[in-house]
Amino acid sequence: MAEAAPVKPTTPKKWGRGFDVRKQTGFTTIAMICFLMLYAPILTLVAYSFNAGTSVAIWEGFSWRWYESAWANVQVQDASIRSLTIAAFAAVVSTVVATMAALATTRTKPFPGLTFIYAFINQPLMVPEIVTGVALLIFFAAIKVATGYTGLGYLLIAHTAFCIPFAYLPIRARLENMDLSLERAAADLYATPFKTFRHVTLPLLWPGILAGGMLAFVISLDDVVITELVKSGGQDTLPTYMLGQLRRIVTPEMNAISSVFLAISIVMVTIFFLLNRKKT
Amino acid sequence: MSAAVAVEAKNVSKIFGAGPGEVRALDNVSVTIQQNEFFTLLGPSGCGKTTLLRLIAGFEMPTEGSILLEGEEVAHLPPFKRHVNTVFQSYALFPHMTVAQNIAFGLEMLGKPKAEVQSTVSAMLKLVRMEELKDRRTSQISGGQQQRVALARALAPRPKVLLLDEPLSALDLKLRKEMQIELKRMQLETGITFIFVTHDQEEALTMSDRIAVMSKGKILQIGSPTEIYEHPTVRFVADFIGETNFIEAEVMQRIGSDGQIKLPSGIVISHPLGENVGVGAKVTLAIRPERIDLVRPGTEAHLSGTVENIVYFGTDTTFHVELEGSQQEVTVRVQNRRGHQEVLKAGDTVGMRIAPEAMQILKD
């Protein structure tokens, strides 16, 4: 999927100024090994999702049967719908929260404690996931005991919380790159702060918001650790369902589900990059 | 004739930061700008001209003093409540809107009826000659065209005052000259007060009705272009605008406001004096290079010296003359009205004659 960068005409240069890492001995070899390590397992996984046999190691011909069987699998359907629901909810809510946070941290006069707020918002990126997971497990357990509520709410809240920094970063970057004189011009042309936001800031921020939402969606869809610890019985998401299945018999059905998953992620991440690249 | 006042700044100071690091961007500035005037704030970068503009626009609040817009105190109103519009240095056109949408923005924010918005937008497009490009995105037009759109957008709501923050600085020389004429035309056509900020003295001289020359947060002199150029009152103004020779002279005698001053050549001339200049005082005379006539040595002259070098500029020729009896160099510019004449060469002795009104006594 990664396109090769267009080769620039290289002019012979002396050491120092024109130092080019690509000319180092072994550079190509190391690069090839890295790519191989990264993509060979994934390519194998995708290839065997089309295997006609039941083995994930012996090729017996091409077939769509594992995709069909995964599609028909009620548990897969159930987990997929739950995964998508949680991801959609977490993406929307975390993006709204992240947008507000980004506005508050870039469009106000710098105030004491701003750095602390940055750290606070980005905390889920720094605290080990397992720690957050265990903390949530204990915390939610107490609430479960107190209220008796065992619904999807816990997963929704947990996912929303750890998605916020992922949504926040691209939105903040976009806001920081935006020419402040645009908002000043709007105010100069009689737009109240709300109208300035509605007619100028928000339309220009959209690519950042979409990118943030997209990233949050993928992050939520992919989460295992926190979900595994927070979920109640019968609340498997696609990743936790797959993890459960892997402990039993492994069939190419797993490959098929993984491949679809991979495809969705690639599409999302590609859109994310395209949105982020388009700068005005 | 007492023209109505458009903008008045009274004892305005603006301090950025606090404590030892504070910067006094404006220091007790007062200025009155008449309606219908093309008023220019001129000065080097950091002189406070843009700060004053931003205070009038409402992007900054003054630390002290008041700002009146048609007699009404506005110093603490936000920009969207002031009937003043700005043309930004970077133009700040909305990239997600077309040319026409940009121009309509202010009118729409004011809640004008659709029909009025449309007719005003087409009138503005016509004024800035951009009718054909009205549906283009602002990223799809050239710098000069963006400049026109920015102007139309700011003029469309018919502000009481239009503020222009170095709007021509991003254009190339030819386009800049064209836009100078265009701006003046638009100001006359619309009858709106223009307050123009620039560091370019030529721009200020060609377009303005009046100029305020600023330095270090203060206004040093306010006057028409001819007053500013021909009668600078302080050294900074004389030096910043055009080229000037500074010549020291001594006051010999004083009768009322008339005085006798001695030039470095020893020649004594009569010249009106300022109030606080007494006998024996040293004064500085500012003399423009084109106001000096070169004459043959021996004929009656105010100064004399030796030609150091001659630089030919096409339309005129500049002579650098070293004054007799001092190391000081005087620049003399002679128009080549009869083509290039090789009368003088380096090393020649010349006399210099200067009309008394071309010698301006500076305050400092």
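In chain B, helix 2 (residues 99-109) packs against helix 3 (residues 114-127) at an angle of about 130°, with the axes 9 Å apart. Helices (H or I, at least four residues) and strands (E, at least two) are DSSP runs, numbered from the N terminus. Axes are lines fitted to C-alpha atoms, for helices over the stretch in contact, and angles run from 0 to 180 degrees between N-to-C directions. The angle makes helix 2 of chain B oblique to helix 3 of chain B. Angles under 35 degrees count as roughly parallel, over 145 as roughly antiparallel, 65 to 115 as roughly perpendicular and the rest as oblique.

This is a predicted model: local features need pLDDT of at least 70, side-chain atom pairs count only at pLDDT 80 or more, and totals for chains, interfaces and linings use all residues. Residues are numbered from 1 along each chain as its sequence is written, while chains are lettered from A and ligands numbered from 1 in the order in which they are written.

Which residues of helix 2 of chain B meet helix 3 of chain B? They are B:Ala100, B:Ile103, B:Ala104, B:Leu107 and B:Glu108. Residues are in contact if their C-beta atoms, placed from the backbone, lie within 7 Å.

Chain B also has an open sheet of six strands, in the order 6-7-8-3-9-10, with mixed pairing. Strands pair if DSSP finds at least two bridges between them. Strand 6 (84-87) and strand 10 (218-223) of chain B stand at the edges with a single partner strand each, so one side of each has no neighbour in the sheet. The twist averages 20° from one strand to the next. Strand 6 of chain B runs parallel to strand 7 (residues 161-165) of chain B, joined by four bridges. B:Val84 has B:Val161 as its bridge partner in strand 7 of chain B. Helix 4 (residues 143-155) of chain B lies across both strands, at about 175° to strand 6 of chain B.

The contact between the chains takes 16 residues from chain A and 19 residues from chain B. Helix 8 of chain A gives the largest share of chain A's side, six residues.

| Part of chain A | Mean pLDDT |
|---|---|
| Chain A | 87 |
| Helix 5 (residues 123-126) of chain A, lowest among the elements | 84 |
| Helix 3 (residues 74-106) of chain A, highest among the elements | 94 |

Conventions: pLDDT is the predictor's confidence in each residue, from 0 to 100. Two residues are in contact if their C-beta atoms, placed from the backbone, lie within 7 Å.
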